[in-house]
Amino acid sequence: LIENNDFDQASEIGKLQINSGANVIDVCLQNPDRDEIDDIKQFLEKLTSKIKSPIMIDSTDIEVIKEAIKLCPGKIIINSVNLEDGEEKFNDISPIIKSFGASLIVGCIDDDKNQAQAITRERKLEIAKRSFDLLTNDYELNPNDIIFDPLTFPIGTGDVNYLESAEETIEGIKLIKKELPTAKIILGISNVSFGLPTNGREVLNSVMLNHCLNAGLDYAIVNTQNLKRFNALSDEEINLSNELIFNNSKEALDKFVEYFRSTPVNKTIKENIPWDKFLKESVINGSKNKLEPNLDKGLKKIAPLDIINGPLMNGMDVVSDLFGKNELIVAEVLQSAEVMKSAVSYLEQYMEKADITSKGTIMLATVKGDVHDIGKNLVDIILTNNGYKVINLGIKVNSQELIDAYNKYNPNYIGLSGLLVKSAQMMVDTVSDLTNEQIDIPILVGGAALTEKFTYLNIFPNYNNLVIYAKDAMSGLDIVNDLNNIKSKEELLINVDKKIKHFKSNMIPRTTKVIADKSGLVKNPIKQLDSIPQPPDLKIHNIVLPIEDVWNLVNPTMLYNRHLGYRGNFTNDLKMNVKKAADLFESVNKVKEILKDNENIQAKVVYKFFKTKSENNDLIIYDSNSKNEISRFTFGRQTDKDMLSLSDYVYPVTSAKDDYVCMFVSTYGPGIRELAEKYQNKGEFLISHIIQSLALETAEASAEFIHKKIREMWGIKDSPDITNQDIFKAKYIGKRYSFGYPACPRLEDQKILWDLLNPTKNINVELTEEYMMDPEGSVSAIVFHHPEAKYFNLDNEAIEKLNIIIK
């Protein structure tokens, strides 16, 4: 992609990695045939607009690092330096690290001619201590910014030099942690299993990672898409791996290879184990098989409440821990919750009413103006099945509704959720209103646009008690558990206080804005077409779309990776019949049948072609039967790059010719939220989550479907060999633009489109006070036919000018 200069699509890979569970993106664009500096500039410009995660710059060129570090927001990591050439690299990189406050990875390699790469634990510690001493004393780097890579080597190749290297790495981590406690440690785990059978590699990686984590490893470079859960491994798999790590020999290697050449990928829960261990493993593995017989065994030994608080809760604790390490996907967590729900429901018949108590009550709400609730509903499921009573107030909940609900339910905690950037500010207003009513119970906040920094610098100061940031459902569970435990609560409060002090001490003072000289910029002319595509009519159309055709246009990456948390290339894994992919695919097909059985749920669209012309940055909409203006959109214009505005893509008012645009709103429903709640109440949490996720992507696919039909009605032919992937990448003539996105960022313009199409009446899609569509599974857009139409971003200055004009 980089060689084809497709930086936008290349940056999508980074976005997908984050969606698949990565915490940091390592960027390496070294290519002897290309200009690395130019490549890194263009790539980071795209990447940083799509992700908010930390970036690791992986380059050996100091000039590339200098340029890259300027383009990355926040704290970044430089990968890497070592003492292979003496102190030369330290001398070059240290001033940059100090100036920008970056972190630095230091490999355990030096200029020793006999063993430059440290293999033994003693050599790893020796190089680490030497490097640490030089960097902190001579170059005055912050000890907390140093990350050591102790290196690991293949132990399955038969090379006698590396037979004991895995154990040496584990022990080396322990020594470095003991001697240099302020430094961090990172390791590329998969090196250890190079050359082994595929199934065996992931098992060995998992066992090695477990040992390294116990030894003190801070960061692991792993394949999160394929890494096996350590707790899911059999004793034999663990023993075979441990033999390679700690007692490596030809016999150990032969046994390992022979086992994994003939062993299927997926293992089942061992049956001949004590009932309490069986129940714990059932929760961890999300299996209801033989659940009730083992619950009956437990009832003969202990009280039902003790079973819940014992092996069942212990299993959920493991699930929480594994999810926190990105070793479980959302679908697996929900399957574990279903097992928990089934077990508790079975045990309740044997419990006294007084025994059926909760750990506390938490009230959940998506804040005013926001209709997104999938994340909040996951929190509901997780907390409900871990002993908490949840009052889910739903979406678009304003302050007064929260206050009334607080007075009614008297909860112990409040959880506020929101996907939008505006929702973060709404949380500030909401907690202020709660403070005015003397409400002072702890509040948890979360959502895609929210950050820890915003929480502790903006929301926290406006509330008269604790406000805590929760990055996901399982961390929310951990937080309320900590709040319920006196000792853990004290540690939590100390941790929050440290974060607040950190963010306050690292606040960047506002500086005077530097106005760049743009006098030399020239507007890129858009060619006026000799022939304007003609629409079939200028009438409003309401249609129901063929659902199977729509589902054929669902983007699998968005559905399976982003929403359902699958890690890996889902399409390829499904073709290879990988069990996890096949099981998830089967669950989605089950949901499709449920949705098809509900005759009221349909993919619907309202669309209309409009006569239009442009006047400067305005798009004028005319009456179908006259030359009277009926509406007008005011768009922004770039102040840099091509100086584009969406109005450039139609004929100006000075032309005698009429031009055209098409507008549409697509949706999938109604009743999606209610149907999802029905299955959630039945304890079928995965089905509930898939219903909401599939509905969102069905609305997107409906937009793709009608967009394709609009192009056809205009006489615009797609390439005969166009694929779905081409469609997802918009490789066609006739682009569509949605409000709130970079070319037309004002969500308020949705109101104009609503006045023209009346989706509320025609397909039951409403606008919230914040101009979001309800139901959430809806898409709106304006389609331009011009062949030069492309996607672009308005720069900040252009957005500021647009807002001034609108006001």
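This is a predicted model: local features need pLDDT of at least 70, side-chain atom pairs count only at pLDDT 80 or more; totals for chains, interfaces and linings use all residues.
Reader: Which residues in helix 21 and helix 25 meet each other?

Author: Residues are numbered from 1 along each chain as its sequence is written, and side-chain values use heavy atoms, with hydrogens and water left out. Helices (H or I, at least four residues) and strands (E, at least two) are DSSP runs numbered from the N terminus. With contact meaning heavy atoms within 4.5 Å, M558, L559 and H563 in helix 21 meet H689, S693, L694, L696 and E697 in helix 25.

Reader: At what angle do helix 21 and helix 25 pack?

Author: The contact residues of these two helices divide into four nonpolar, three polar and one charged; here Ala, Val, Leu, Ile, Met, Phe, Trp, Tyr, Cys and Pro count as nonpolar, Asp, Glu, Lys and Arg as charged, and the others, Gly among them, as polar. Axes are lines fitted to C-alpha atoms, for helices over the stretch in contact, and angles run from 0 to 180 degrees between N-to-C directions. For helix 21 (residues 556-563) and helix 25 (residues 685-713), the axes are 10 Å apart and the packing angle is about 145°.

Reader: Which strand gives the most to the lining of the second largest cavity?

Author: A cavity is a set of points on a 1 Å grid over the protein atoms alone where a 1.4 Å probe fits but cannot get out, and lining residues have an atom within 4 Å of a point. The lining here consists of K604, T667, Y668, G669, P670, I763, N764 and P775, with four nonpolar, three polar and one charged by class. Three of the lining residues come from the top contributor, strand 17 (residues 659-669).

Reader: What is the omega of the peptide bond that joins G669 and P670?

Author: Both G669 and P670 line the second largest cavity. P670 lies in the loop between strand 17 and helix 24 (672-681). The bond joining G669 and P670 is cis, and its omega is about 0°.

Reader: Where is K396 found?

Author: K396 is not a glycine, yet it has a positive phi of about 50°. Its place is the loop between strand 9 (389-392) and helix 15 (399-409).

How values were computed. On a 1 Å grid over the protein atoms alone, a cavity is a set of points where a 1.4 Å probe fits but cannot get out, and a pocket is an open set with protein on both sides within 12 Å along at least five of seven lines; lining residues have an atom within 4 Å of a point.
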